[in-house]
Amino acid sequence: LRLVARSGVSPVTVNSYGIKRPWEVSDATWTQATDTTLWEVPGIGGESDREMEPTSSVLVDAPDTTYAWDVTDLARQWVADPGANYGVLLEGHAAGTSTLTFIGSDQLEQPPYNLHRLRPKLELVVRLAGPPQTPTPSPTMTGTSTATPTATEVVTATPTGERHSIYLPILVKGS
């Protein structure tokens, strides 16, 4: 997320949590997940609403900075069970009163500023296995003094370093 403005004296610790149940972007409020469903605890604070332990914590204190949270464990859960992907909750904690302004997913394209390019995104770095290597003969010693070649298949996963980005809604909550 790109922080564009901050008020208050204290830096803000922003924790990320996996959301555990469905919600609607257009309907979610402090008390409601959808237009017909309440959060267990207002502010998406209940055990059925979200994970109770943060997946990542980041100290946010400098405007014009892009901040990232490590949600690797959540992404692994989503790959194993795509139906469990309800997104990520970001929750801020600070001493005193602070206000953070991030560029949102609805940031309009405003040339020449290109602020729309700083919208929130979830970037997944995927390591894909390369093609299996050709079996290589390796000598095997027998009871005689002659080496007998035996085929041994060696398969090595080779990281390709490819990067793929997908865009998901992120629910932001201040406290």
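In this predicted model, the side chains of R21 and D49 come together in a salt bridge, with an N to O distance of 2.7 Å. The pair joins distant parts of the chain, since both R21 and D49 lie in the loop between β2 (12-18) and β3 (56-60), 28 residues apart. A search of the whole structure finds 3 salt bridges.

**Accessibility of the R21 and D49 pair**
- R21 has a relative accessibility of 15% and therefore counts as buried, the cut-off for that class being under 20%.
- D49 is likewise buried, its relative accessible area being 0%.

**The R50 and E91 pair**
- R50 forms a salt bridge with E91, and the closest N and O atoms of the two are 3.8 Å apart.
- This pair also links distant parts of the chain, because R50 belongs to the loop between β2 and β3 while E91 belongs to strand β5 (residues 88-93), 41 residues apart.
- Both partners, R50 and E91, are buried.

**The D73 and R76 pair**
- The side chains of D73 and R76 meet in a salt bridge with an N to O distance of 3.6 Å.
- D73 and R76 are 3 residues apart in helix α1 (residues 72-80), so about one helical turn separates them.
- D73 is exposed, with a relative accessible area of 53%, and R76, at 57% relative accessibility, also counts as exposed, because the exposed class begins over 50%.

Definitions and conventions:
Residues are numbered from 1 along each chain as its sequence is written. This is a predicted model: local features need pLDDT of at least 70, side-chain atom pairs count only at pLDDT 80 or more; totals for chains, interfaces and linings use all residues. Side-chain values use heavy atoms; hydrogens and water are left out. A salt bridge is a side-chain nitrogen of Lys or Arg within 4 Å of a carboxyl oxygen of Asp or Glu. Helices (H or I, at least four residues) and strands (E, at least two) are DSSP runs, numbered from the N terminus. Buried means under 20% relative accessible area, exposed over 50%, partly exposed in between (1.4 Å probe, protein chains only).
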